[in-house]
Amino acid sequence: MKFVQMARRVGAAALAAALLATAVGCGSKTAGSTPQGAAAPAKTAEDDPSAATSTGNTATSPMGRWVEEKVALDENITPYGAPQPMDDGSLVLYGEDGKTIYRYISQDDGASWLQTPTNWADLAGDIPPLMATAPDGAVLFNTYEQGGMRTYLKEAGSDTPTELTLPEGLDSINQMTILDPDTVLISGSTKSSERPANGMEAEGDAGTDAEGNPVYYSPVCAVYDLHLQNKRLDLTNPLGGSVSFYNSPVSIDFVSGPAADRSAAGWQFYQITYTESGAALQTVDETGTAQTVFENLPSARDAAFGAAADKDGSYYYFSPDGIYRVAKGGSLAELVFEATTFQMGVSGVLCRGLSHSENGSFFALLANMGTNEATLYRYYYDETLPAAPADGLVVWSLEDNQTVRAAIVQLAAEHPEIGVEYQAALASGVTKTDAISTLNAELLAGSGPDVLILDGLDYKAYQQKGLLADYSASVDTAALLPNIVAPFLGSDGSVTVLPARFSVPMVYSDNGETAQLNSLAALQAAILACPPRPAMDSEDHAYYENRAPGQRYGMSFLTAADLLDFTLQSAAPAIWDGSSLNTDAVREVLGFVQGVANYYGMKDYKKEPQINGVSGGGEGSDAVTQWDGGYEYGLTGGAAYGRGVLQTPAFLGDIRRTQGDAGTVAVVQPGPTAGAYLPGTLAAVNASSQKQEQAGAFLSALFSETVQELYQEDGCPVRQTALAASIARNQSAITKGGYTGDVQALFATLQTPVLPLDEEIHAALLQAANALVDGTKTLDDAVTEVQNALTLYLSEKQ
Amino acid sequence: MRLHSIFRKSSRAGRPPRPGQKAVNRLAVFCFLAPSMAGVATFYCIPFLDVLRRSVADTLGQTFVGLANCRAVLQNGAFRLAAKNTARFLATCIPLLLLCSLLLALLVHAAGPRGKPYQTTFLLPMAIPVASIVLLWRVLFASHGLCNRVLTSLGATPVDFMGTGAAFWVLIATYLWKNSGYDMVLWLAGLGRIPQQQYEAAAVDGAGTWQVFWHITWPGLRPAFCLAALLSLINSFKVFREAYLVAGQYPHESIYLLQHLFNNWFLSLELGRMSAGATLMVVAGLGLAGGAWLVQCCAKYGARKAQTRGIRRQKAERQGENAPQK
């Protein structure tokens with residue numbers, strides 16, 4: 001045989017082998033495919049248990065996963081922060097029950113705690129103290145009583161605190177971080193009677209001294225000895241953030257993400273600086289030199305109060321993704337564990353403290369931004385658990401949904417054996433069309449996700465094609481708001497889709513002026529009865545002008561899209577019933593757009609105006625965001641009527657005018673549809689799913705009291721008791737806001753779910769609305785244009 | 001090794017086949033074809049059978065609905081429009097493409113070695129990614145695009161290329177621009193196969209350019225024509241990508257093709273209708289192919305008959321000449 005022939009045959013055999021190997025490889029599963037939240041640790045490290053794997057079970061399945069558990073303290077104990085790892089390997093934590101300050105010590109990495117009352121309980125003031133604990137047991141803390149602040153030091157080995165006198169140039173302390181046994185980083189403020197260059201004028205009681213003279217505050221950041229007698233270093237501008245509290249005249253400046261680096265010679269600390277390009281990690285040493293050690297920390301936006309460092313100098317910080325670690329000298333920020341199924345990953349959670357024990361566990365003090373309640377959680381790596389729970393449930397939605405995430409956390413707590421993989425399709429960067437195509441292909445092939453969140457999709461199509469399963473056995477519909485869920489229930493009591501949240505489009509005005517607003521025409525007449533709105537946005541001075549009652553323009557609208565989307569919140573079901581276009585309703589909507597736009601002269605408005613919004617909250621009530629429609633009514637006082645979408649009952653307390661208030665009355669937005677509401681988190685189960693039972697457990701969690709009561713800034717709960725609790729939670733804010741109506745009665749008027757129109761119909765309407773605003777088309781032409789634009793769309797639906 | 005010897009033995013011309021040789025040959029052929037047959041069956045035949053099944057079933061493919069889907073599709077205005085546009089597009093662009101590319105090929109062939117660089121140049125559009133073509137399309141044909149600027153500068157009225165019937169011709173132009181080079185290469189391959197002696201003999205006989213083309217070039221290009229036509233048909237379905245990326249799910253009516261409709265039906269879960277539409281398309285395609293085959297058969301039959309008649313006439317004439325004169 002010739003050499004060439006042999007070479008050819010060997011080559012052919014190699015190619016055939018490669019082909020065979022590829023074919024076999026195509027059929028095998030990825031070795032590392034595990035549901036999110038049950039992911040194995042990101043990287044090995046000598047001192048980190050996350051590196052450990054169980055050798056006993058590796059032949060069958062990988063073992064070990066991170067576990068979240070609530071730290072078992074007494075129910076009424078409020079921890080002051082995350083536990084401090086001590087030099088002797090124990091953990092120390094302080095907390096109070098409103099009367100006594102307790103010390104908790106754990107010798108088993110936080111699994112159990114020994115409670116002992118301190119003998120300085122009488123020092124606790126009106127507000128929980130600010131406290132910093134050193135590894136040797138020293139404690140530095142502030143107490144507040146009747147507005148006054150006192151500072152104490154409990155030295156290591158002693159159990160009796162001594163009061164410290166604040167040094168000159170430091171009048172209040174906002175933040176304390178102990179850097180070494182005799183060094184503390186302080187950020188606070190100093191006051192003076194003269195306006196400092198970088199200070200702020202405080203108003204009200206806190207801004208005047210006893211003689212009524214103004215007081216000015218300016219931020220201070222310095223390193224002192226533990227007795228606060230010697231200033232070791234004045235840090236000129238290391239403050240990474242500032243926060244203003246509701247009704248508080250004083251802003252509080254702080255160092256973001258501070259953590260002492262105990263591996264350095266002398267004292268040194270980490271801090272995060274936030275710039276336009278992202279967050280950077282810096283070290284500040286004894287000379288005050290700040291050195292950037294890591295550019296662009298991923299997901300570090302929420303790490304301002306949640307950071308820690310271990311004895312090797314590795315830096316850890318909180319994010320909704322999980323805990324990130326930056327090894328000292330390392331160039332990679334690694335995710336130690338994912339928080340998908342943990343409380344940490346739930347939206348609206350603020351980390352108030354983070355610590356890392358020598359055994360590798362983490363402790364995070366998480367506060368709910370709605371209720372303001374803080375809970376301490378422990379995160380540890382359990383080698384005895386399988387890396388991924390046996391039952392992997394796939395939950396799918398187009399966009400990331402925080403209520404779904406809360407339900408996943410709840411399910412993990414109730415059923416640890418059920419693992420959940422959450423797929424937010426658009427988060428992976430695909431287009432909406434591609435995401436829907438993929439979903440449809442899977443569903444029609446009899447596979448696909450087990451649980452579907454159908455927000456942004458035509459849920460009726462999935463329902464009519466028989467792709468959704470009846471899950472009436474998993475959800476007690478009698479416990480839900482009957483008027484909200486009734487349109488979704490089958491005539492035989494079957495349930496294939498249910499909203500887990502809902503919002504309400506509202507219009508409001510001064511007392512007595514909303515009573516006649518019962519139709520779009522009436523609203524238009526009311527707007528036209530007021531002076532026209534000038535061409536302005538939040539970049540113009542006129543925007544902030546408070547107008548007298550007779551001088552106020554009707555309602556805030558900035559663009560044609562603004563006008564159209566407002567009307568569609570109540571008119572969408574009238575325009576499109578799923579099979580035909582109602583030209584009368586189109587005419588009514590476009591007529592409103594034309595009438596208001598012409599009256600306002602919106603042709604001369606900016607084509608891309610500056611959108612303005614403000615978020616508020618506090619005193620235990622939920623956060624509320626107001627956009628221009630509410631801002632121009634309540635905050636600037638320019639508009640006679642306000643508009644907005646109610647996502648929490650706290651909305652009703654947030655809509656009052658801040659100046660010249662005469663009380664506000666809100667009604668559900670009038671329009672062609674009576675009692676309009678916007679359903680959200682539309683949950684369904686894939687009829688082809690083999691995991692109906694687990695899907696039922698997930699839905700049970702989604703509609704449970706615990707998840708429904710959580711405020712996720714995505715709507716009101718549909719569970720009756722949860723809505724009642726939400727109203728009760730926000731009642732003081734509602735009352736304070738001057739809303740006098742019956743809140744329950746308001747919710748009882750809701751009867752028609754309004755879902756967003758299909759993109760094609762919306763695009764056709766928007767094109768017509770733009771033409772009407774620009775004055776390039778008559779109303780008749782615009783209606784005809786909409787009909788023409790939708791000819792193909794309608795024809796396809798025949 | 002075994003197959004090699006089988007072929008070597010079977011190719012020995014003139015020798016009578018050994019007993020069982022035919023069966024071995026068939027097995028060898030089957031072995032060679034099996035991988036590709038398996039691929040075709042897996043990725044085309046079985047899915048197509050599933051489409052056939054779903055065309056007479058509901059969305060989930062579980063309930064038999066007879067011809068309801070087909071009836072619904074035939075009554076659907078969007079389907080009729082899309083089918084009409086698709087047929088119009090194919091009927092316009094394929095002849096135009098074949099003609100243009102043939103002209104280019106003849107020119108390049110006539111240019112001889114100087115025409116070589118053009119072969120590469122004309123193939124360049126095929127190497128341009130669809131996204132770039134779409135961008136180019138927008139730059140050229142947008143309402144404030146380059147074409148309208150040129151028109152305006154010449155004092156002409158701007159044309160709404162994508163919002164009027166002009167969109168159809170934009171699509172045709174794009175298709176021609178992109179595929180002419182490829183078809184030209186196919187034609188050139190066909191031209192290269194025509195023996196030079198035939199041209200020389202024609203020149204000796206004093207044949208004109210048209211006569212040479214009609215009697216020598218065109219008959220020689222027939223195999224290339226079939227290949228070019230088939231590949232052009234296949235490529236014509238790919239033009240949907242450009243139309244979709246530029247104009248979205250609902251373009252101007254003139255470029256609303258069957259792929260638009262099927263894509264939209266899939267998004268709205270109309271799988272039964274989609275399958276019925278696809279089946280109807282295949283039936284129409286098979287009908288056309290069958291018609292073409294019949295025409296070809298008739299033409300061959302006619303030619304054979306004419307040939308037979310000619311031979312008979314020649315024989316009769318020869319017999320007439322050889323017959324003893326009385």
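Tutor: One definition comes before the distances. Domain bounds here come from an automatic or database domain assignment. Keep in mind, too, that this is a predicted model.

Start with the division of chain B. The assignment gives domain 1, residues 2-54, and domain 2, residues 77-282. Taken over C-alpha atoms, the centres of domain 1 and domain 2 of chain B are 36 Å apart.

Now the close look. Take helix α4 of chain B, residues 77-111, and helix α10 of chain B, residues 209-236. They pack with their axes 10 Å apart, at an angle of about 135°. Angles over 145 degrees would count as roughly antiparallel, and 65 to 115 as roughly perpendicular. The angle of this pair therefore makes α4(B) oblique to α10(B). The handedness is settled as well: α4(B) and α10(B) make a right-handed crossing.

Which residues of α4(B) and α10(B) meet? The α4(B) side brings B:Phe89, B:Leu90, B:Cys93, B:Ile94, B:Leu97 and B:Leu98. The α10(B) side answers with B:Ala228, B:Ala229, B:Ser232, B:Leu233 and B:Ser236. Sort the contact of α4(B) with α10(B) by class and you get nine nonpolar residues, two polar and no charged.

Next, the contact between the chains. Chain A puts in 15 residues and chain B puts in 16. On the side of chain A that touches chain B, the elements giving two or more residues are α3 (432-444), α4 (459-464) and α17 (791-796) of chain A. The largest share of that side, five residues, is from α3(A). By class, this side of chain A holds six nonpolar, six polar and three charged residues.

One is open, with four strands in the order β1-β28-β27-β26 and antiparallel pairing. Its edges are β1 (63-70) and β26 (349-356) of chain A; each has a single partner strand, so one side of each is left without a neighbour in the sheet. On average, neighbouring strands in this sheet are turned by 25° against each other, direction ignored. Seven bridges hold the antiparallel pair of β1(A) and β28(A), where β28 covers residues 374-386 of chain A. Within β28(A), A:Tyr380 stands opposite A:Val67.

A further open sheet of chain A runs β18-β19-β20-β21, four strands, again antiparallel in pairing. Here β18 (259-260) and β21 (290-294) of chain A are at the edges; with a single partner strand each, they have one side left without a neighbour in the sheet. Two bridges link β18(A) to the antiparallel strand β19 of chain A, residues 269-275. Look for A:Ala260 opposite A:Phe269 in β19(A).

Last, a run of paired strands in chain A. Strand β8 (residues 139-145) and strand β9 (residues 148-154) of chain A are antiparallel, joined by seven bridges. A:Glu145 has A:Gly148 in β9(A) as its bridge partner. β9(A) also pairs with strand β10 of chain A, residues 162-164, in the antiparallel sense over three bridges. There, A:Tyr152 faces A:Glu163 in β10(A) as its opposite.

Conventions
Residues are numbered from 1 along each chain as its sequence is written. Chains are lettered from A and ligands numbered from 1 in the order in which they are written. This is a predicted model: local features need pLDDT of at least 70, side-chain atom pairs count only at pLDDT 80 or more; totals for chains, interfaces and linings use all residues. Two residues are in contact if their C-beta atoms, placed from the backbone, lie within 7 Å. Ala, Val, Leu, Ile, Met, Phe, Trp, Tyr, Cys and Pro count as nonpolar, Asp, Glu, Lys and Arg as charged, and the others, Gly among them, as polar. Two strands pair if DSSP finds at least two bridges between them. Axes are lines fitted to C-alpha atoms, for helices over the stretch in contact, and angles run from 0 to 180 degrees between N-to-C directions. Angles under 35 degrees count as roughly parallel, over 145 as roughly antiparallel, 65 to 115 as roughly perpendicular and the rest as oblique. A crossing is left-handed if the near helix is turned anticlockwise from the far one by less than a right angle, and right-handed if clockwise.
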